[in-house]
Amino acid sequence: MINLQAKALTIAQMKEAEARSNELGVSYAQLMENAGSACTAKIKELFPKLSTSSVVILCGKGNNGGDGLVIARKLENSAADITCIFCCGEPGTELSQKVYQQAAAISSIQFLDAKKEPMLCHFCLNQADLIIDCIFGTGFHGEVQGSAQPMIGTANKADAVRIAVDIPSGMNGDDGSCSISVFRADHTLALGALKPAHLLEDTQSVCGKIHTLDIGMPSEALEDSSSVKLLKWENLPALLPKRDPNANKGDFGKLLILAGRSGMGGAAMMATLSALRCGCGLTTLAAASSVINACFPHLMEAVTLSLAETKDGAVSSESLTLLSEHLSSSTAAVIGCGLGHDEHTEKLVRSLVKETQTPLVIDADGINCLAGDINIVQTAKAPIILTPHPKEFSRICGKSVAEIEADREQAASQFAQQYSVHLVLKGHATVIALPDGTVYQNTTGNAGMAKGGSGDVLAGMIGSFLAQGIASEKAACLAVCLHGACGDRCAQRLSEYGILARDLIQEIPLLLRELEQNR
Ligand SMILES: NC(=O)C1=CN([C@@H]2O[C@H](COP(=O)(O)OP(=O)(O)OC[C@H]3O[C@@H](n4cnc5c(N)ncnc54)[C@H](OP(=O)(O)O)[C@@H]3O)[C@@H](O)[C@H]2O)[C@H](O)CC1
Ligand SMILES: [K+]
């Protein structure tokens, strides 16, 4: 396993840790009390002029709101005035109702309802020196709606210091995706442990400075939870092997790329160019003859293998023998980018996967060709890395896209273990799951990369590292994180709108140079 720090607990793991704490004698009520105390101490530290300040606490109806009510009680006598605004109606959980009763007994705390008294709420927010966000935490889903929305809007514009408790309201704690309306914090107080979203680069402007607070969870409760390991740019130098100065091209692997039906030559070309840029000794593109004819002038450094083509422009299954020969003399292969999916390609891909011992990266249509019976990967002799996007993953794992997206790490990990493959689940914060259940979450990349061609570039990169003899786990992590970093650099120069997949390929050697220098 790559030695990366386990830095975050997913929402599901956090809930497990809470349950274990409870079993170990630290009750849910005690955790909420501890959370309120830890937040209050941190707020006093971050905001020393509290005694002359107006504090507004935005409360939801769940336990994040409960934390806000404990904070209100504990801040009593420390601030000039304290107002709690219920943004989604009165507290709805047993715990939050209990702490509401305790806070309501303190006469100096004012309680307002955002729906019933919106003008007064907006007034208080505009007058506030400090706004504490306890509307939603780990229980948030979907979009912020109803009265919470205008409260967040006014809070974000107010001339106040903004502190979010656990997770800024409107942000998903696992993947960092944000509702259109999201609380923009100067500080975020992560309760018990960081959540994956806290560590993503593109959530930093929403979270502000992040502080992890000890809320008294026994360390056994936290340690027992298997963690998502975060894959960061800083981890990459250690993953990139030094090139032997005495080596020749034969020492850096032979990659075979089976890609491209007619009309999809771009995918084949991008996988090939990105593989060439990642240092593989010899890269061969095997594709339908019309694709090879179109791509050939642009692929000077690659070997091309022109395959018999069906009348529909797909690679004919007649090419099986030729491909098997090439595959057996390669050190890795990429199968799928723009390959198409018909009876010919399906027969071809399934035969190759069944027979070969050469490590494989199977992408896009390569995956679609296996979807009819995915058990084939379990009995394959070769190590396999599958690189689906959620829709392709849905076809092979029997879950809907919504179910996958609800817990990407869990879905990926479960599949990787069940089928003994490495799985790269693409999308925002790409997940890499290993057959032993280990999960990495990538922290590089941006929405500008959500375009046709990006995945082909990634497949070529993974294949290239794999062909050079880098183990599946490292090859996948290195390629995924480097690919995202290329996207981030491109976005700085070209904007997220303007990036093309081919720009990522240009960036690869520049970033590899930086990694070589930082090794
Ligand atoms: N980690 C710990 O050990 C502790 C954490 N604590 C705090 O508890 C929250 C999690 O509390 P939970 O009650 O599970 O969830 P939330 O408070 O975040 O929110 C749930 C309520 O919000 C509603 N909701 C969710 N999304 C929306 C939306 N888009 N619009 C409107 N309402 C929404 C949700 O409604 P449902 O219909 O989904 O039920 C709930 O009513 C954690 O973050 C910590 O702050 C405790 O202090 C204990 C220790
Ligand atoms: K919050």
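## Salt-bridge network and count

Glu 33, Arg 73 and Lys 74 are joined in a network of salt bridges, a salt bridge being a side-chain nitrogen of Lys or Arg within 4 Å of a carboxyl oxygen of Asp or Glu. By this rule the count comes to 10 salt bridges. Side chains of opposite charge can pair when their charged atoms come close.

## Model and conventions

This is a predicted model, in which local features need pLDDT of at least 70 and side-chain atom pairs count only at pLDDT 80 or more, while totals for chains, interfaces and linings use all residues. Residues are numbered from 1 along each chain as its sequence is written, chains are lettered from A and ligands numbered from 1 in the order in which they are written, and side-chain values use heavy atoms, with hydrogens and water left out.

The chain has a mean pLDDT of 94, and 98% of its residues reach 70 or more; pLDDT is the predictor's confidence in each residue, from 0 to 100. The scores of the model are ipTM 0.98 and pTM 0.64.

## Asp 166 and its partner

A salt bridge connects Lys 195 and Asp 166, with 2.9 Å between the closest N and O atoms. The pair links distant parts of the chain, 29 residues apart: Lys 195 belongs to the loop between strand S7 (187–191) and helix H7 (204–207), and Asp 166 to the loop between strand S6 (161–165) and S7. Helices (H or I, at least four residues) and strands (E, at least two) are DSSP runs, numbered from the N terminus.

Lys 195 and Asp 166 are both buried. Buried means under 20% relative accessible area, exposed over 50%, and partly exposed in between (1.4 Å probe, protein chains only). For Asp 166 the relative accessible area is 8%. Asp 166 also has a positive phi of about 75 degrees, although it is not a glycine.

## Further salt bridges

Glu 507 and Arg 493 form a salt bridge whose closest N and O atoms are 2.6 Å apart. Glu 507 counts as buried, at 5% relative accessibility, whereas Arg 493 is exposed, at 53%.

Glu 405 and Arg 408 likewise meet through their side chains in a salt bridge (3.0 Å, N to O). Here Glu 405 counts as partly exposed because its relative accessibility is 33%, and Arg 408 is buried, with a relative accessible area of 4%.

Helix H19 also holds Ser 495. The phi of Ser 495 is near 75 degrees, a positive value in a residue other than glycine. At 32% relative accessibility, Ser 495 counts as partly exposed.

## Negative surface patch

Glu 201, Asp 202, Glu 234 and Glu 496 form a patch of negative charge on the surface. Patches are made of residues with over 30% relative accessible area and no salt bridge, like charges being joined within 9 Å and nonpolar side chains (Val, Leu, Ile, Met, Phe, Trp, Tyr) within 5 Å. Lys and Arg count as positive and Asp and Glu as negative, with His and the chain ends not counted; the place of a charge is taken as NZ of Lys, CZ of Arg, CG of Asp or CD of Glu. Accessible areas come from the Shrake-Rupley method with a 1.4 Å probe, and for residues only the protein chains shown count as cover.

One of the patch residues, Glu 234, is in the loop between strand S9 (228–231) and strand S10 (254–258). Glu 234 is exposed, with a relative accessible area of 55%.
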